[in-house]
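Have the structure open while you read.

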Amino acid sequence: MRGDPEWSGIEATIIRWFYQTVSKDIFHMVVACDVWAKINEFFGYHQDNSTIDEYCMRLKMLADELRDIGAKVSDDLMMSTLTAGLNEDFGNTASNLTLLPQPTFQRVVAYLKLEERRMTKLKQRVQHTALAAGTTRGGPAPPAAPRQPAPTGYYPLPPAPPAPPAPPQ
């Protein structure tokens with residue numbers, strides 16, 4: 001409900017009430033639980049089926065939330081978490097990241113976006129080639145006629161010669 005002014009006012013009232021009525025010990029425990037939950041989410045987040053853009057934006061958002069509550073997230077930690085959560089399609093790409101000179105989170109994200117675009121184009125090309133190969137001969141070959149199995153222990157006889165033409169009348 002972000003962007004709704006009425007909800008923002010209600011939320012601010014609840015937060016202010018919480019800060020004013022809860023003891024400091026309980027407050028610190030709630031903050032610690034929130035920090036712990038964010039840390040678990042940050043380190044446990046994986047790309048799965050999302051795009052590189054979606055995955056990196058969510059990871060950056062989680063890192064920003066951790067920074068907001070006092071947990072520092074370095075660029076190196078961002079990159080290692082990013083590569084650890086990539087799906088298996090990026091296995092070779094993750095290995096190549098060590099070859100980047102002076103890698104930063106932004107450079108790694110740019111490289112991954114380029115690689116994602118390359119992989120998408122390659123998949124499209126393979127699909128197009130397969131489609132073209134399946135239609136160039138006018139369709140699939142007709143199925144072969146079923147063969148009669150030969151009796152066990154016998155050699156098959158050659159086919160009978162065609163009948164001679166009938167004499168003219």
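K60 and D64 pair up through their side chains in a salt bridge, with N to O at 3.1 Å. Keep in mind that this is a predicted model. By the rule used here, the salt bridge count comes to seven, and a few of them are picked out below.

**Within helix 3**
- K60 and D64 both sit in helix 3, four residues apart, or about one turn of the helix.
- K60 is partly exposed at 34% relative accessibility, and D64 is partly exposed too, at 28%.

- E41 and R58 meet side chain to side chain in a salt bridge at 2.3 Å, N to O.
- E41 has a relative accessible area of 30% and R58 has 24%, so both count as partly exposed.
- D89 forms a salt bridge with K123, their closest N and O atoms being 3.9 Å apart.
- Here D89 comes from the loop between helix 4 (75–84) and helix 5 (91–96), while K123 is in helix 6, 34 residues apart.
- D89 is partly exposed, at 42% relative accessibility.

**A buried glutamine in a loop**
- Q47 sits in the loop between helix 2 (24–44) and helix 3 (52–68).
- With a relative accessible area of 2%, Q47 is buried.
- The Q47 side chain reaches the backbone nitrogen of N87 at 3.1 Å.
- Leaving out residues up to four places away in sequence, Q47 touches I52, Y55, G85, L86, N87 and F90.

Notes:
Residues numbered from 1 in each chain as written. Predicted model: local features only at pLDDT ≥ 70, side-chain atom pairs only at ≥ 80, totals over all residues. Heavy atoms only, no water. Helix = DSSP H or I, 4+ residues; strand = E, 2+ residues; numbered from the N terminus. Buried < 20%, exposed > 50% of the residue type's maximum accessible area, 1.4 Å probe, protein only. Polar contact = N/O pair within 3.5 Å; in protein donor to acceptor, adjacent residues only side chain to side chain. Contact = heavy atoms within 4.5 Å. Salt bridge = Lys/Arg side-chain N within 4 Å of Asp/Glu carboxyl O.
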